[in-house]
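Hi,

Here is the structure I promised to pass on.

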Amino acid sequence: MHTAKLFLVALAAMTLVSEARSADTVATKEQLCASCHGQNGLPSDQTVPIIRGQQAAYLKKQLDDYRNGDRDSQIMSSIAESLSESEIAQIAADFGGAKWPEEPKAPLPAIPSPTAACKACHRADFTGGMAPSGMAPRLAGQNSAYLVGSMTAYADGERANSAVMGPLMQSLPPADRKAIAEYLAALR
Ligand code: HEC
Ligand code: HEC
């Protein structure tokens with residue numbers, strides 16, 4: 001999807017959100033999520049993250065952060081603001097409890113050496129889980145364009161909702177971040 005098209009989808013989504021609001025059921029709101037995050041769990045736009053099968057506690061934290069302004073996104077902030085705390089808990093549990101979408105195997109690039117350091121928190125197989133610094137998200141199979149974008153946002157300080165990830169990403173040159181993203185996206 002092109003940025004312009006995504007923007008139109010976003011406008012449509014925001015209209016839906018403001019029309020529906022509290023009258024809507026959680027299931028209806030989850031349908032809205034699927035319009036961008038993929039009916040089958042795979043977003044057609046590679047800058048949109050896979051959320052189906054992501055760690056539930058991580059999803060909840062991100063939705064809370066968008067809602068209270070700790071993480072900023074033109075699209076997600078207004079969507080999260082339209083959700084109540086209990087809806088966020090339910091939606092995070094539903095997506096987190098579902099199975100990560102299957103994709104055909106992709107050729108695995110050579111392992112970029114900085115990825116060894118990521119495993120302490122994101123787990124050896126990059127499926128994420130509880131880390132000393134909080135709930136680390138699954139990275140294995142995540143869309144590479146989204147991963148590059150979020151690593152850049154940490155490095156630039158644009159995404160400041162993690163005390164660990166900002167300094168870590170600043171220490172990696174952009175070429176390393178891109179190689180890491182391509183490697184992680186190819187993991188199954
Ligand atoms: C119009 C498209 C669109 C819709 C509708 C949408 N999202 Fe998103 N979502 C995005 C984009 C784009 C991002 C990446 C934003 C960023 O970089 O911070 C995102 C990011 C997220 C993230 C962060 C994931 C991560 O790995 O950090 C979560 C969680 C999320 N969305 C949940 C939802 C839920 C739940 C709904 C429905 C209530 C929803 N989204 C509806 C486009 C959308
Ligand atoms: C000390 C623990 C720790 C280490 C080491 C670590 N991470 Fe993280 N990472 C986290 C936590 C915790 C989060 C979630 C932050 C939050 O709560 O918003 C995260 C988030 C991320 C995200 C955001 C994913 C998304 O869906 O938006 C990316 C990408 C990421 N880490 C990549 C890496 C890479 C690549 C490395 C190694 C070079 C690495 N991390 C090393 C703990 C760690």
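Below are some notes on a ligand site and on a pair of helices.

First, the ground rules: this is a predicted model, where local features need pLDDT of at least 70, side-chain atom pairs count only at pLDDT 80 or more, and totals for chains, interfaces and linings use all residues. Residues are numbered from 1 along each chain as its sequence is written, chains are lettered from A and ligands numbered from 1 in the order in which they are written, and side-chain values use heavy atoms, with hydrogens and water left out.

Start with ligand 2. It has 27 residues around it (each with a heavy atom within 4 Å of it), and the closest are Cys118, Cys121, His122, Tyr146 and Met165. His122 also has a side-chain N or O atom 2.8 Å from a nitrogen of the ligand. On the oxygen side, a polar side-chain atom of Arg159 sits 2.8 Å from an oxygen atom of ligand 2, and one of Asn161 is 3.4 Å from an oxygen atom of ligand 2.

Which helix gives the largest share of that shell? H7 does, with five residues. (Helices are DSSP runs of H or I with at least four residues, numbered from the N terminus.) Domain 1 (3-97) and domain 2 (115-186) each contribute at least three residues to the shell; the bounds come from an automatic or database domain assignment.

Elsewhere, helix H2 (residues 26-37) packs against helix H5 (residues 85-97) at about 60°, with axes 11 Å apart; the axes are lines fitted to C-alpha atoms over the stretch in contact, and angles run from 0 to 180 degrees between N-to-C directions.

Cheers

Methods:
Polar contact = N/O pair within 3.5 Å; in protein donor to acceptor, adjacent residues only side chain to side chain. Helix = DSSP H or I, 4+ residues; strand = E, 2+ residues; numbered from the N terminus.
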